[in-house]
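Please examine the chain and its model below. The report that follows describes its parts and how they are arranged.

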Amino acid sequence: MPKLRQELDSDERNFGSGWISGFLALALAILGFGTVLCFCFPELLTVADAREAYASNLSVIRAALLLVLIAAFCLGIVSTALRKNRILGFTALALVLAASLMGGHHATARSSVESPVFLGLDFFLLNLILLGAVFIPIERLFKKNDQAILRYEWREDLLYFLISTLFVQTLSYISLNPSLALVSATAGIDNVRAALASQPYWLQFFEIMFLTDLVQYWFHRTFHKIPWLWKFHAVHHSAQAMDWLAGSRMHLFEVIMLRAFTTLPMYVLGFAEAPLYAYIFFVYLMSVFIHANLRLPLGWLQYVIATPRFHHWHHGLEEEAIDVNFAIHFPIIDMAFGTFHMPGDRWPEGYGVGGHPVPKGFFRQFLYPFRKDKPTGPESVDQQA
Ligand SMILES: [Zn+2]
Ligand SMILES: [Zn+2]
């Protein structure tokens, strides 16, 4: 593993060195192997609600899987032929071989165990392909910072992305389950619920967007203000390179709290399911977008809706970037509470927490808020937030 990691970080990545073919081979092999795993253990590794859609597009998925495995194999061969260090190519070929031995594009379910609990491996793979396909080319075209696709700490952020998508069921259960209890406990506002749910869907969507951002603003500001909460949130701010993957870096405790605090009130208020689910999808895309390494010519629109420059200032290292731009949709909320900051056409010089006190790596970052030996307190929040 350390050797593979070294090769992934190798400086020798130029065209013809076998690195590009090796990396692509490995990425495709992981995609192919992951998909075969989903075919073998659908009950455990795929999102229950998506299984019907997969079943009706089975032949397309199997044909795509075959293409992915063939491409991974060919690129793996090219890489091993071109590169002295063959670990990228060999690992890719080993994964293709393993996927083939498990049935390849003909793979079928290996157990009939029924499970109410699943991991969203399919959700991870699909999200990565779709978001990557959209954001990687746009970031190349409109990049703010000239950084490699595999920029500083990309593996750490990918691990955050993997974990938050794998545990999609647990995370949505946590925010949905208490809401059912709350809805029945607040039967007194049934007429409010009926009135809200009877509005046109586009209006409900807009109301959910505004109300959630308002709740999120104060939730977020509280995490900056209270020292022990800041230690959780500092993990999100520890990213020193911004792009579409950077927003995934968030402590699990904060993810759970954020989901509970922002989705619960919307369920309790009784908004219809269609605009609520549309919003959950939208906010996911929005959080990817505002972290993206994108300089877009948006003009006045950047004062109406949150953009990468708006949120990048929130992550800025400079003194002027401390405790500004907490909203994730409407800059007007920051304007109203005196925390709006978008100086001219400038961008922050760097990103992260001053002094970089947050350790590197998922597990050390997970434990960071629970460690007592770290200097913290209102002073450090003021200095670093
Ligand atoms: Zn923040
Ligand atoms: Zn952020």
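The centres of domain 1 and domain 2, taken over C-alpha atoms, are separated by 34 Å. Domain 1 covers residues 2-117 and domain 2 covers residues 168-384; such bounds come from an automatic or database domain assignment. The model is predicted: local features need pLDDT of at least 70 and side-chain atom pairs count only at pLDDT 80 or more, while totals for chains, interfaces and linings use all residues. Residues are numbered from 1 along each chain as its sequence is written, and chains are lettered from A and ligands numbered from 1 in the order in which they are written.

**Helix pairs**

Two packed helices are described by the angle between their axes and the distance between the axes. Here, helices are DSSP runs of H or I with at least four residues, numbered from the N terminus. Axes are lines fitted to C-alpha atoms over the stretch in contact, and angles run from 0 to 180 degrees between N-to-C directions.

| Helix pair | Angle | Axis distance |
|---|---|---|
| Helix 5 (58-82) and helix 6 (87-101) | roughly 150° | within 8 Å |
| Helix 11 (201-225) and helix 13 (252-269) | about 145° | 9 Å |
| Helix 11 and helix 14 (273-291) | about 50° | 9 Å |

Helix 11 is therefore oblique to helix 14, whereas helix 5 and helix 6 are roughly antiparallel. In these terms, angles under 35 degrees count as roughly parallel, over 145 as roughly antiparallel, 65 to 115 as roughly perpendicular and the rest as oblique.

The crossing of helix 5 and helix 6 is left-handed. A crossing has this hand if the near helix is turned anticlockwise from the far one by less than a right angle, and is right-handed if turned clockwise. In helix 5, L69, A72, F73, G76, S79 and T80 meet residues of helix 6, including L88, F90 and V96. By class, this contact has nine nonpolar, four polar and no charged residues. Ala, Val, Leu, Ile, Met, Phe, Trp, Tyr, Cys and Pro count as nonpolar, Asp, Glu, Lys and Arg as charged, and the others, Gly among them, as polar.

Helix 11 crosses helix 14 in a right-handed manner. Y201, Q204, F205, I208 and M209 of helix 11 meet A274, P275, L276, A278 and Y279 of helix 14. These residues divide into nine nonpolar, one polar and no charged. The crossing of helix 11 and helix 13 is also right-handed. Among the residues making that contact are I208, L211 and F219 of helix 11 and L258, F261 and M266 of helix 13. Its classes are nine nonpolar, three polar and one charged.

**Burial and individual residues**

Helix 12 (residues 227-237) is largely enclosed by the rest of the structure, because eight of its 11 residues are buried. A residue is buried if 20 or more other C-beta atoms, placed from the backbone, lie within 10 Å of its own, exposed if 12 or fewer, and partly exposed in between. W230, F232 and H237 are among the buried residues of helix 12.

L196 belongs to helix 10 (residues 190-197). Its C-alpha atom is 7.6 Å from that of L269, 73 residues apart along the chain. Beyond neighbours within four places in sequence, L196 contacts Q204, L269, G270 and F271, a contact being C-beta atoms, placed from the backbone, within 7 Å.

Most residues other than glycine have a negative phi. D323, however, has a positive phi near 55°, and N325 has one of about 50°. D323 lies in the loop between helix 15 (308-314) and helix 16 (331-336), and N325 is found in the loop between helix 15 and helix 16. Which of the two categories, buried or partly exposed, applies to D323? D323 is partly exposed, with 14 other C-beta atoms within 10 Å, whereas N325, with 25 C-beta neighbours inside 10 Å, is buried.

Definitions and conventions: Helix = DSSP H or I, 4+ residues; strand = E, 2+ residues; numbered from the N terminus. Contact = placed C-beta atoms within 7 Å.
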